[in-house]
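Subject: The structure we talked about

Hi there,

Here is the structure I promised to pass on. Have a look at it first, and then read on for what turned up in it.

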Amino acid sequence: MTATFLDGARRATRTLRHPSGALVALTALALAIVLLFLFTDLPGKWEYALGLRSRTVAGMVIAAAAVGAATVLFQTITANRILTPGIMGFDAVFLAIQTLVAFAIGPALLVSAPPLASWLVELVLMAGSVVLLYWWLFQRRRLDLHVIVLAGLVLGVLFRSVTAFLQRLLDPDTFAILQNLTFASFTAVDRELLIPTGILVAVALASLWPVRRELDVLSLGESAAISLGVNHRRVVMHVVVVIAATVAASTALVGPVTFFGLIVANLAYGAAGHRHLRSIPAAISIGVIALVGGQLILARVLGFGTELPIVIEFVGGLFFIVLVLTGRAR
């Protein structure tokens with residue numbers, strides 16, 4: 001009987017070590033954590049509590065899908081495991097938009113604007129500016145992708161510097177309102193935005209299905225991809241549009257999370273490998289586990305002693321340093 005148990009344990013271990021087995025295990029764990037978060041410690045008025053928890057979980061799942069997939073895609077086209085859309089300045093555009101509106105018009109418009117209208121404006125400005133920049137540099141100017149990445153880093157620093165300067169000129173009340181609006185929150189998601197954001201993220205990710213094999217070839221580098229018959233510029237521009245749309249939608253929904261994608265993408269590579277049919281779903285599952293599981297621990301164990309975005313940014317910053325020091329950027 002002991003030998004049978006050991007054989008079963010070895011087979012289970014081999015299954016989990018296989019990328020497909022690891023993906024199944026991650027998906028099952030993510031589903032279990034979601035159910036645990038939804039149905040544990042429900043009060044007497046369980047309908048209201050379950051509704052609030054469902055909204056929180058839906059926002060976390062959408063954010064995990066958008067940021068996790070976008071980071072895997074971005075690291076594919078840049079061939080670098082430490083670059084993320086957040087580090088490249090995608091989130092800086094969101095902060096700059098909010099700060100410019102508060103500085104030029106005042107916080108009243110930010111607070112009183114209809115959520116869906118505000119979400120649409122932020123989505124169009126963020127995604128549109130990023131897509132136009134990459135289209136102009138990559139398609140019209142035909143610059144090297146690494147030059148474009150460097151330009152993105154510089155522009156991200158520029159946006160953050162301008163944002164910090166303008167914030168210093170705001171009065172304390174306006175600054176406090178702006179800080180509340182630009183701080184990531186997974187528990188205060190607007191219910192009206194869940195469906196449009198979810199649809200946008202789903203459509204953007206579904207558009208990658210026809211180029212799923214080309215994505216794996218892109219990981220080999222530009223010259224190798226071109227020699228294997230991939231239209232490198234077309235596929236990369238398609239990926240950039242998907243990244244811009246998903247990151248903009250997620251940021252407009254829950255706020256900016258700079259290092260979250262870095263964590264889930266690199267853990268996904270270790271668990272499921274680099275093939276995109278496995279790495280993207282694995283990144284999404286790990287993202288759900290991190291967000292929902294982290295919120296579960298903060299709520300049930302730590303009594304909301306801190307905020308989940310703060311923990312994510314702290315752990316992500318340490319993870320970034322470890323990747324740099326160990327030379328695992330590529």
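A word on terms before the details: a cavity here is a set of grid points where a 1.4 Å probe fits but cannot get out, and its volume is the space filled by probe spheres set on those points. Please also keep in mind that this is a predicted model.

**The cavity**

How many cavities of 30 Å³ or more does a search of the whole structure find? The search gives 1. The volume of the largest cavity comes to about 100 Å³. Its lining is made up of 14 residues, and V67, G86, D91, V247 and V257 are the ones nearest the centre. Two elements, helix 3 (46-78) and helix 12 (232-254), each give two or more residues to that lining. Helix 12 contributes the most, with 3 residues.

**The salt bridge**

Searching the whole structure for salt bridges also finds 1. In this pair, the side chains of D216 and R275 meet at 3.7 Å, N to O. The two partners are 59 residues apart, so the bridge links distant parts of the chain: D216 belongs to helix 10 (residues 212-218), while R275 sits in the loop between helix 13 (260-272) and helix 14 (276-300).

**A buried alanine**

A127 is part of helix 6 (residues 115-140). With a relative accessible area of 14%, A127 is buried, because buried means under 20%. Which residues does A127 touch, leaving aside those up to four places away in sequence? They are A244, A245 and A248. The C-alpha atoms of A127 and V241 are separated by 7.7 Å, although the two residues are 114 residues apart along the chain.

**A nonpolar patch on the surface**

Finally, there is a nonpolar surface patch of about 580 Å², made by V311, F314, V315, L318, I321 and L325. One of these, L325, is found in helix 15 (residues 308-325). L325 counts as exposed because its relative accessible area is 71%, and exposed means over 50%.

I hope this helps you find your way around the model. Do write back with any questions.

Best wishes

Technical notes:
Residues numbered from 1 in each chain as written. Predicted model: local features only at pLDDT ≥ 70, side-chain atom pairs only at ≥ 80, totals over all residues. Heavy atoms only, no water. Patch = residues over 30% accessible without salt bridge, like charges linked within 9 Å, V, L, I, M, F, W, Y side chains within 5 Å. Areas by Shrake-Rupley, 256 points an atom, 1.4 Å probe, with all protein chains shown as cover. Salt bridge = Lys/Arg side-chain N within 4 Å of Asp/Glu carboxyl O. Helix = DSSP H or I, 4+ residues; strand = E, 2+ residues; numbered from the N terminus. Buried < 20%, exposed > 50% of the residue type's maximum accessible area, 1.4 Å probe, protein only. Contact = heavy atoms within 4.5 Å. 1 Å grid on protein atoms, 1.4 Å probe; cavity = no way out; pocket = protein on both sides within 12 Å on 5 of 7 lines; lining within 4 Å.
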